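Let's look at a structure together and ask what lies behind the words used to describe it.

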Amino acid sequence: MSRELEAVHSEIVTCTKCELHKGRRKAVPGDGPVGAMVMFVGEGPGEKEDQEGRPFVGAAGKLLTELLASVGLERSQVFITNIVKCRPPNNRAPRQGEIDACNPYLEDQIRLVGSRILCPLGTPAIRTLMGAEYSAGQVHGKPVRMRERTILPLYHPAAALYDSSLKDVMFRDIRILKQLIQEESQPDTSHLSSRDENGEKLLQKWM
Ligand code: URA
Ligand code: SF4
């Protein structure tokens, strides 16, 4: 991890910028290598994450690991974090004020890790990265260019844990990630600029 990212993460573990710090055991800054092409952004730590201080180590994390493996990716190759770094009490949804208070950390991580592809998991993460009018049901699996990065919104793995049809959708959507990685890996990315201009329009059409 770079010194700058380490500095951000050590700020997170002692942060008191929102109420969520009161109930946490451990803050969960996130995990993964600087330079990871792909960053996954979940909603917030659950019980196991709060215990261990690491993201997606519970049941949803197991499904995320399986999704990655299905396209030949290992967890150690991607960066994984959340829109809030401290566990909301009883796993309630994070409040907008909490998301806003925590957002500078996510922005720093995106900048310092330098991921070209961002995968928000579930509606709260999708709204945080893309804007309030979007929801997972509408935009999952539809990549869009935003602020010089590609965003591939996905369902949250927790939503698919007990819903096998949603799980199938997730395994289909993750294949799009594989394609995006291949596109990003090509030296000639001029084809991406057309998506850059049309991304917003395309997204409108999909909705
Ligand atoms: N769910 C999330 O959104 N994030 C985690 O880190 C674990 C479960
Ligand atoms: Fe700080 Fe984010 Fe934790 Fe709130 S959730 S206390 S802003 S690190």
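Predicted model: local features only at pLDDT ≥ 70, side-chain atom pairs only at ≥ 80, totals over all residues.

Q: Why is Arg147 called exposed?
A: Count its neighbours: Arg147 has 9 C-beta neighbours inside 10 Å. The limit for exposed is 12 or fewer, so Arg147 counts as exposed.

Q: Where does Arg147 lie, and what is its phi?
A: Arg147 sits in the loop between strand 4 (144-146) and strand 5 (149-151). Its phi is near 45 degrees, which is a positive value in a residue other than glycine.

Q: What makes Glu148 exposed?
A: Glu148 has 8 other C-beta atoms within 10 Å, so by the limit of 12 or fewer it is exposed. Glu148 is also found in the loop between strand 4 and strand 5, and its phi, near 65 degrees, is again positive in a residue other than glycine.

Q: Why does Gln179 count as exposed?
A: Here the count is 12 other C-beta atoms within 10 Å. Because the rule says 12 or fewer, Gln179 is exposed.

Q: Which residues of helix 1 are buried, and why are they said to line one face?
A: In helix 1 (residues 3-13), the buried residues are Leu5, Val8, His9 and Ile12. Seen down the helix axis, they fall within an arc of 95 degrees, so they line one face of helix 1. An α-helix has 3.6 residues a turn, so residues three or four places apart point the same way. On the other side of helix 1, Arg3 and Ser10 are exposed. The buried residues of helix 1 pack against helix 4.

Q: What makes strand 3 a partner of strand 1 and of strand 5?
A: Two strands pair if there are at least two bridges between them. Strand 1 and strand 3 are joined by four bridges and run parallel, while strand 3 and strand 5 are joined by two bridges and also run parallel. Both counts therefore meet the rule. In these pairings Ile117 of strand 3 stands opposite Val38 and opposite Thr150 in strand 5.

Q: Which way do the residues of strand 3 point?
A: Ile117 and Cys119 point one way and Leu118 and Pro120 the other way, and all are buried.

Q: What surrounds ligand 2?
A: There are 14 residues around ligand 2, and the closest are Cys15, Cys18, His21, Cys86 and Cys102. By class, they divide into nine nonpolar, two polar and three charged. Helix 4 (residues 96-113) gives the most to this shell, with three residues.

Notes
Residues numbered from 1 in each chain as written. Chains lettered and ligands numbered in written order. Near = placed C-beta within 6 Å. Nonpolar A, V, L, I, M, F, W, Y, C, P; charged D, E, K, R; others polar. Buried ≥ 20, exposed ≤ 12 C-beta atoms within 10 Å, placed from the backbone. Arc of directions from axis to C-beta. Contact = placed C-beta atoms within 7 Å.
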